[in-house]
Amino acid sequence: YIQTVSDDILEQNDMLTLGPIGVRESRDAAACVAALIKAVGERDLPIRITLLGPHPAVEDLIRAGARIAWGETFCSNTDDGFVDPLRYVPSGSDLF
């Protein structure tokens, strides 16, 4: 999902926001994010993607030159896993 207008970053409306993105298997998560980044990279616009810390694409994106511009804390006390951070990319700073 590619958002061309962000409702939470009004001062930079030329930024593409990626997400929500999800995969069934965590082994596919990094490749899914890489394919989406490649697809939108030709537009020559800033890209914003919100990844949860353990997401497998984080390391690849940082190696490719991405930078962390914001950090948030998410806590859950459920034992059954509210969301799988290895398979899910939220849309912006909202979790869903």
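Q: Helices (H or I, at least four residues) and strands (E, at least two) are DSSP runs, numbered from the N terminus; what pattern does the protein follow, read along the sequence?
A: This is a predicted model, in which local features need pLDDT of at least 70, side-chain atom pairs count only at pLDDT 80 or more, and totals for chains, interfaces and linings use all residues. Residues are numbered from 1 along each chain as its sequence is written, and side-chain values use heavy atoms, with hydrogens and water left out. The protein has two helices and five strands, and their pattern along the sequence is β-β-β-α-β-α-β.

Q: In what order do the three strands of the open sheet stand?
A: Two strands pair if DSSP finds at least two bridges between them, and E1 and E2 meet this with two bridges in the antiparallel sense; Ile2, for instance, has Leu18 of E2 as its bridge partner. The pairing in the sheet as a whole is mixed. Strand E1 (2–3) and E4 each have a single partner strand, so they stand at the edges and one side of each is left without a neighbour in the sheet. The order is therefore E1-E2-E4.

Q: Does His55 count as buried or exposed?
A: Buried means under 20% relative accessible area, exposed over 50%, and partly exposed in between (1.4 Å probe, protein chains only). In contact terms (heavy atoms within 4.5 Å), and not counting residues up to four places away in sequence, His55 touches Ala29, Ala30, Val33, Pro85, Leu86, Tyr88 and Val89. Because its relative accessibility is 4%, His55 counts as buried.

Q: How many Å separate the side chain of His55, at a polar atom, from the backbone nitrogen of Ala57?
A: A polar contact is a pair of N or O atoms within 3.5 Å; within protein, one must be able to donate a hydrogen and the other to accept it, and residues adjacent in sequence count only if both atoms are side-chain atoms. Between the polar side-chain atom of His55 and the backbone nitrogen of Ala57, the distance is 3.0 Å.

Q: Around the axis of H1, how many degrees does the arc of the buried residues cover?
A: The buried residues of H1 are Ala29, Ala30, Val33, Leu36 and Val40. The arc, taken from the directions from the helix axis to the C-beta atoms, puts them on the same side of H1, because they cover only 130 degrees.

Q: Which exposed residues does H1 carry on the face turned away from its buried side?
A: The buried residues of H1 are covered by elements including E1, E2, strand E3 (21–22), E4, H2 and strand E5 (88–89). The face turned away from the buried side carries the exposed residues Ala31, Lys38 and Ala39.

Q: How many Å separate Val89 and Ile49 in space, C-alpha to C-alpha?
A: Val89 is found in strand E5, and at 1% relative accessibility it counts as buried. Leaving aside residues up to four places away in sequence, Val89 touches several others, among them Ile49, Leu18 and His55. Although Val89 and Ile49 are 40 residues apart in sequence, their C-alpha separation is 7.8 Å.

Q: What is the phi of Asp44, in degrees?
A: Most residues other than glycine have a negative phi. Asp44 lies in the loop between H1 and E4 and counts as exposed, because its relative accessibility is 71%. Its phi is positive, although Asp44 is not a glycine, with a value near 55 degrees.
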